[in-house]
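Biologist: Could you take a close look with me at how helices and strands pack in this protein? I am new to this, so please go step by step.

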Amino acid sequence: MNIPRLVVAAPSSGAGKTTVATGLIAALAARGLAVSPHKVGPDYIDPGYHGLAAGRPGRNLDAFMCGPERIAPLFLHGAAGADVAVVEGVMGLYDGASGRGELASTAHVAKLLRAPVVLVVDASSQSRSVAALVHGFASWDPEVRLAGVILNRVASDRHEQLLREALEEGSGVPVLGSVRRSAAVATPSRHLGLIPAVERSAEALRAVADMGELVAASVDLDAVLALARTAPPLDAEPWDPAAEIAAVREAGGGLPAADGFPAAGGAAPRIAVAGGAAFSFSYAENAELLTAAGAEVVPFDPLHADGLPEGTAGLVIGGGFPELYVRELSANGPLRSAIAAFAASGGPVSAECAGLLYLGRELDGLPMCGVLDTSARMTERLTLGYREAVALHESPLAPVGTRVRGHEFHRTVCEPGAGERPAWGWRLPTGPRTEGFAAGNVHASYLHLHWAGSPQLAASFAAAAAAHRAG
């Protein structure tokens, strides 16, 4: 299987690669092409804009959380049926997991995908120096094929001419486009980055359309497609959630007995998954793994639902921005009571970050679900980084000793930050840390997990839901 593809990178964050990548996806889709959008790293927000532009889910490619060996298979799974794939990078081209060399960098993923790289350069404060910058990035790692440049925030025709002359003389990397400064395509941001597309609805659609029109008018799309078609075939098979679950069950791995899993042909346990504007952070593969494990995945919106979906046997509450909807969430007393009752009955619950805040006693002084004996509040301090964690106590998500790789990203703090039975333990430069709650049949933590990297989590949680339904 060979899917034309390219990676959109930049020398650093803030160069405009999200605007260019989303615009490319939208412009190519407007030509009638099936475009598969991808994002390097753990980011949830950019894939939302990519999905709007492409009309299919934006998917993440994270070599730290999922492992380098799964990058090509996950790409092929997500890009099935596509005419072309656009992969947006993270941070600067060569920036990876802290202290781990190239691991999880855009360059690392580009090499795993054998994909050409297009460098988006913020040219707003330079002219001839752009050639030195591009030459340095092109020559740093000979295994990275930096095959094109898109100049961004170009001031004028004269500015563009100077930039093109310098690059032609000094870099040998072709210019694929020159994008003028434009306030029309600015995407609003706040304390954790861009505002998710799900929160902006019509505004987000207009912003994506504007990005597409800008890129279509500024970039040689035929040259972009020709470059994408130079990517060679990948020596990998598409990722298969059913095969992942089958391998987990065959290995055992401390999971419940086989009769705890949904029986073949039997009724599937219903797992409710929180979504909507307050809980918009999720990886598509998580739900696909739950489905492969025999569960029926049912989304619901805590901002509007007055109860859990009928027949709920398991509850997943992922990340998002509950602090922005704290009044609405607090005012929805019937749902808060239903969640508290479900947890009290022994129903399995998995909560990440925003889900953790929602399950606590209160958030910024307003009542939440009261499932966990902790309170949360916003702070000015950003907690950010990859983590390697081990499960310290039994939970429906992870047997004791389960090792995972995840990502932490928040400006809130929970007091206390861990219960008597912490969910995870990990080591930071400041020393060991325990975090989260494994209380009853509830697993709640700040740690975001990509279940494709740990498929046993989905198998374990589906088994716990099946056991709870069986009573």
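Modeller: An axis here is a line fitted to C-alpha atoms, for helices over the stretch in contact, and the angle between two axes is taken between their N-to-C directions, from 0 to 180 degrees. Two packed helices are described by the angle between their axes and the distance between the axes. Keep in mind that this is a predicted model.

Start with helix α4 (residues 71-78) and helix α5 (residues 106-113): their axes cross at roughly 75° and come within 9 Å. Angles of 65 to 115 degrees count as roughly perpendicular, and α4 and α5 are therefore roughly perpendicular to each other. On the α4 side, I71, A72 and F75 make the contact, while α5 brings V109, L112 and L113. Sorted by type, the residues of this contact are 6 nonpolar, with no polar and no charged ones.

Now let's turn to the sheet. It is open and built from 6 strands with mixed pairing, in the order β11-β10-β12-β13-β21-β20. At its edges sit β11 (296-300) and β20 (437-439), each pairing on one side only. From one strand to the next, the twist averages 15°.

Look inside the sheet at β10 (residues 270-274) and β12 (residues 312-317), which pair in the parallel sense over 4 bridges. There you can find I271 standing opposite G314 in β12.

Terms used:
Residues are numbered from 1 along each chain as its sequence is written. This is a predicted model: local features need pLDDT of at least 70, side-chain atom pairs count only at pLDDT 80 or more; totals for chains, interfaces and linings use all residues. Side-chain values use heavy atoms; hydrogens and water are left out. Two strands pair if DSSP finds at least two bridges between them. Helices (H or I, at least four residues) and strands (E, at least two) are DSSP runs, numbered from the N terminus. Angles under 35 degrees count as roughly parallel, over 145 as roughly antiparallel, 65 to 115 as roughly perpendicular and the rest as oblique. Contact means heavy atoms within 4.5 Å. Ala, Val, Leu, Ile, Met, Phe, Trp, Tyr, Cys and Pro count as nonpolar, Asp, Glu, Lys and Arg as charged, and the others, Gly among them, as polar.
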